[in-house]
Every structure is written in C-alpha cells, then in structure tokens.
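Thanks, I will keep this short. Please have the viewer open while I talk.

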Amino acid sequence: MDLTNRDVREITMSKDIKKQKLLDEVKDEKPVKSKILTLPILIIGFLVVVFGAYMLYAMTHMHVTSKTETSTVKTSSNSEKAPSSTKKYVEGKDYKVTYSNTNLIDKATLDKALKNSVPGEGISYLMDTNEDTGANMAKIEVYYNKDKNLLVERLFKNGYSGNQDSARVVYDISQGKIPDNGADTDSHYLDLPLVYTWEKLTK
C-alpha cells in the first residue's frame, strides 16, 4: 500500500495527539495522587501536635498538683507542731487582765502600745509554753513613766518565785518602738504607777 506524505503526516499527527493526551492524563493524575498522600501526613502531624500539647499539659498539671499537696502537708505538720498557737483562750477563765491608774494613760493608747511591743503579740503567744514560738508567761506587769512617755514591762515566766521578774522591756510610746537604751531597765519601773497586769490563771 502506497502512503503519501499526507497520510504519513496524518498518522504521525494522530500518534502525537494520542501521546499528548496520555501525557495530559498522567499530569492530571499526579496532583490527585500527591493530594491523597499529603492528607494522611497532615492528619498524622496534627495528631502528633495535639498529643504533645496534651502530654505537656498533663505533666505540668501533675507537677503543680504535687507541689500543692506538698505545701498542704507542710502546713498540716506545722499546725500539728504548734496547736497551742491556734487555741482560743478565754479571759476570766484562762487569764485575767487588770487596768489601773486609768487617769494617767487611756486604755486605747495602752492596748496599742502593748500590741506593738514584744509581750503584746497576743494571748496565744503569751500563754504558749513552746520554747521555739511561745513566751511561756505567768504574769506581766506594766508601769507607766508619764514624763518620758515610756512603758516598763516586767515579765514573769512560769516557775518564777517571789517578785523576781524574768525580763524587762521598755517601750517608747512616742517613738513607737523599744528605745536604744531599752536594756538599761533596772531603775525605770521604781516608783512608777502600775497601769496594766496580765496573769495566767490556768496551770
């Protein structure tokens, strides 16, 4: 069979067209395949990020919880060590307070000064016999020096004998503090009026 140049061109062209169509189909399939492969990778990546974030949160939460539990245990043990510091003492039953010479210093000024001075930290502190945190007091006498606006506090610890005080504290009401020469208290209370007495009643 004789083929003309035209026939050859047509055959060649039809082959080229078929080839081009095949190439186009292959090109169209590649993005679909790459999309299908990309989707699982994205899902796996997302799950890894979510799982990692959850694990980080869980570890942090456990750490904070354990710290809180530890501090709670410490607080509980501290409370057990010093139960007397939280005890409520009753005036007239556990201790007695007597104000005298109220015309020299008003009660509010005296109470504020006693609260700010060492023995005035509170009834629980005064009555607590714990060596580390308590005062272990049996009696406190407070004298008032009107000229210098000073309080002289005589402290009697449990077990004192006679009129022998265990310690003395001088408190300057004007300055709101214990003065620098507060240690020199031997003669400060002599001939001064007694304005306040605290006594422990329970044994």
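I will go through the sheet, the helix on it, and then the cores.

This is a predicted model, so local features need pLDDT of at least 70 and side-chain atom pairs count only at pLDDT 80 or more, while totals for chains, interfaces and linings use all residues. Residues are numbered from 1 along each chain as its sequence is written, and side-chain values use heavy atoms, with hydrogens and water left out.

The sheet is open, has five strands in the order E1-E5-E2-E3-E4, and pairs antiparallel. Strands are DSSP runs of E, at least two residues, and helices runs of H or I, at least four, numbered from the N terminus; two strands pair if DSSP finds at least two bridges between them. E1 (95–99) and E4 (167–172) are the edge strands with a single partner each, so one side of each has no neighbour in the sheet.

E2 (residues 137–145) and E5 (residues 194–200) pair over five bridges, and Tyr143 has Leu194 in E5 as its bridge partner.

The helix is next. H2 (residues 107–116) packs on the sheet and touches E1, E2, E3 (150–157), E4 and E5, where contact means heavy atoms within 4.5 Å.

Now the cores: sets of buried Ala, Val, Leu, Ile, Met, Phe, Trp, Tyr and Cys residues joined through side-chain atoms within 4.5 Å, buried being under 20% relative accessible area with a 1.4 Å probe, protein chains only. The largest has 22 residues, and Leu110, Val142, Leu151, Tyr196 and Trp198 have the most contacts inside it. E2 gives the most to this core, four residues.

Terms used:
Axes are lines fitted to C-alpha atoms, for helices over the stretch in contact, and angles run from 0 to 180 degrees between N-to-C directions. Buried means under 20% relative accessible area, exposed over 50%, partly exposed in between (1.4 Å probe, protein chains only).
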